[in-house]
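Work through the exercises below with the model open. Try each task before reading its solution.

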Amino acid sequence: MSADSNGGGNVSVPLRILLNSIQCVRDRVRDGESNESDGAFNLSNFWDTLNQAVKAVSQEATKLSLAFSKPPLPSQQDTEKLADSILKSVLTLSTVYYWLPKSVSGITLRRQVRDATVEVLEGVAQLVEVILSSPLQSLTQEQLTSTGGVWSACDQFAQLPQDNKAAVLVVLSDQIGVVKDAIEEIEQALSNAHDPFSDVLDDDQGGEEPRENQDTYWSEKDRSVIAPCQGLMKASAACIRKLSAAVKANGNFSTPENVAQLDDLADISKEISPGVDDLALCLYPPMDYSGVQNNVSKLAALLKKVLEIIRSSHVCGESQLTWVQFLDGAVDHNLQKAKDLIEQDS
């Protein structure tokens with residue numbers, strides 16, 4: 001017996017109204033803009049209020065789950081009260097989120113708070129859906145999982161960065177990991193003597209005879225072209241790593257201009273890992289030299305742009321200028337070397 005099939009008062013009606021309301025709130029949070037504050041905005045007060053609102057949603061979701069965990073089913077009137085209570089907590093959470101003005105807090109921080117808020121709202125919506133469709137006789141595993149999902153989403157707020165500088169450092173840390181993985185994959189493939197696909201394709205080999213398809217092997221020229229491409233990929237990793245250290249040391253969010261610069265640095269850095277991935281993918285045999293040259297040029301141009309944005313931002317002091325200039329030269333050197341090797345004997 002589910003909430004939908006209860007004969008003693010139709011409890012599914014308030015639950016379905018609640019579900020629809022939560023989904024509407026979630027969609028507005030996902031797509032809407034925050035309010036711009038005319039007066040002073042206190043970030044510390046915002047976090048205190050937001051955390052209280054998140055805690056209230058968690059408590060209300062728990063109450064709802066417990067009410068539908070075993071017979072007897074709540075009456076329609078009690079269900080309406082529960083639904084009203086949970087909707088109030090959801091509306092409060094979304095309202096507090098809207099207090100966060102992007103001009104003061106920063107777009108990067110706001111995105112992370114928005115994503116966490118949406119995750120909570122999606123978790124509550126899923127819980128209501130499960131209650132509507134689950135048998136009443138016992139607390140189902142699906143309902144337990146959904147309730148735990150709401151708790152987990154609410155718990156994430158304790159780990160959120162508290163300001164835009166910290167939010168940008170989270171983005172940079174993620175990017176370092178992705179670029180590092182791409183570099184290590186190419187190094188691993190190169191270390192497999194002659195065949196970069198050996199670990200993927202060996203299982204398909206029926207006997208001990210080597211494959212005859214030379215399209216799965218690198219030529220000597222291929223390997224020589226890969227070297228400056230690796231240099232460019234390593235310059236990408238160094239750029240993000242050094243930028244992260246510069247933000248940590250000099251990042252400032254006390255003025256709208258500095259907040260906007262931090263956002264620009266986060267946004268442009270997120271373009272580096274796809275550029276590195278595109279270059280890494282086109283290095284596998286059979287190597288298309290025009291594709292390699294195209295991706296090398298694109299990544300080099302992007303890195304030059306990143307370095308220029310760093311150079312003109314408040315995070316770049318005298319000590320940062322040294323590595324910005326060094327990496328700028330490294331990008332030029334590896335780009336030219338790759339082009340020369342590709343054009344050799346062509």
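**Exercise 1: Two proline pairs**

Proline 72 sits in the loop between helix H2 (43–67) and H3. Helices (H or I, at least four residues) and strands (E, at least two) are DSSP runs, numbered from the N terminus. The model is predicted: local features need pLDDT of at least 70, side-chain atom pairs count only at pLDDT 80 or more, and totals for chains, interfaces and linings use all residues. Residues are numbered from 1 along each chain as its sequence is written, and side-chain values use heavy atoms, with hydrogens and water left out.

Solution. 
- Step 1. Proline 286 lies in the loop between helix H11 (272–282) and H12.

**Exercise 2: The chain as a whole**

Task: describe the secondary structure of the chain, its burial and its surface.

Solution. 
- Step 1. Count the elements: 13 helices and zero strands.
- Step 2. Take burial next. Of 346 residues, 47% are buried (under 20% relative accessible area; exposed is over 50%, partly exposed in between; 1.4 Å probe, protein chains only).
- Step 3. The accessible surface comes to about 16,900 Å², and carbon and sulfur atoms hold 51% of it. The areas come from the Shrake-Rupley method with a 1.4 Å probe; for residues, only the protein chains shown count as cover.
- Step 4. Turn to contacts (heavy atoms within 4.5 Å). Among those with a separation of 6 or more, 82% join residues 24 or more positions apart.

**Exercise 3: H1 against H3**

Task: how are H1 and H3 oriented to each other, and which residues meet?

Solution. 
- Step 1. The axes of H1 (residues 12–31) and H3 (residues 76–98) come within 9 Å and cross at roughly 5°. Axes are lines fitted to C-alpha atoms, for helices over the stretch in contact; angles run from 0 to 180 degrees between N-to-C directions.
- Step 2. The two helices are therefore roughly parallel (under 35 degrees; over 145 is roughly antiparallel, 65 to 115 roughly perpendicular, the rest oblique).
- Step 3. On the H1 side, the contact residues include Leu15, Leu18, Ile22 and Val25. H3 contributes, among them, Ala83, Ile86, Leu87 and Val90.
- Step 4. Sorted by class, the contact has 13 nonpolar, four polar and two charged residues. Here Ala, Val, Leu, Ile, Met, Phe, Trp, Tyr, Cys and Pro count as nonpolar, Asp, Glu, Lys and Arg as charged, and the others, Gly among them, as polar.

**Exercise 4: Salt bridges**

Task: find the partners of aspartate 27, aspartate 328 and arginine 311. A salt bridge is a side-chain nitrogen of Lys or Arg within 4 Å of a carboxyl oxygen of Asp or Glu.

Solution. 
- Step 1. The structure holds 12 salt bridges.
- Step 2. Aspartate 27 pairs with arginine 30, the closest N and O atoms being 3.4 Å apart. Both lie in H1, three residues apart, about one turn. Arg26, Asp27, Arg30 and Glu122 form a network of salt bridges.
- Step 3. Aspartate 328 pairs with lysine 304 at 3.2 Å between the closest N and O atoms. This pair links distant parts of the chain, H13 (residues 318–343) and H12 (residues 289–311), 24 residues apart. Aspartate 328 is buried at 18% relative accessibility, whereas lysine 304 is partly exposed at 28%.
- Step 4. Arginine 311 pairs with glutamate 308, with closest N and O atoms 3.5 Å apart.
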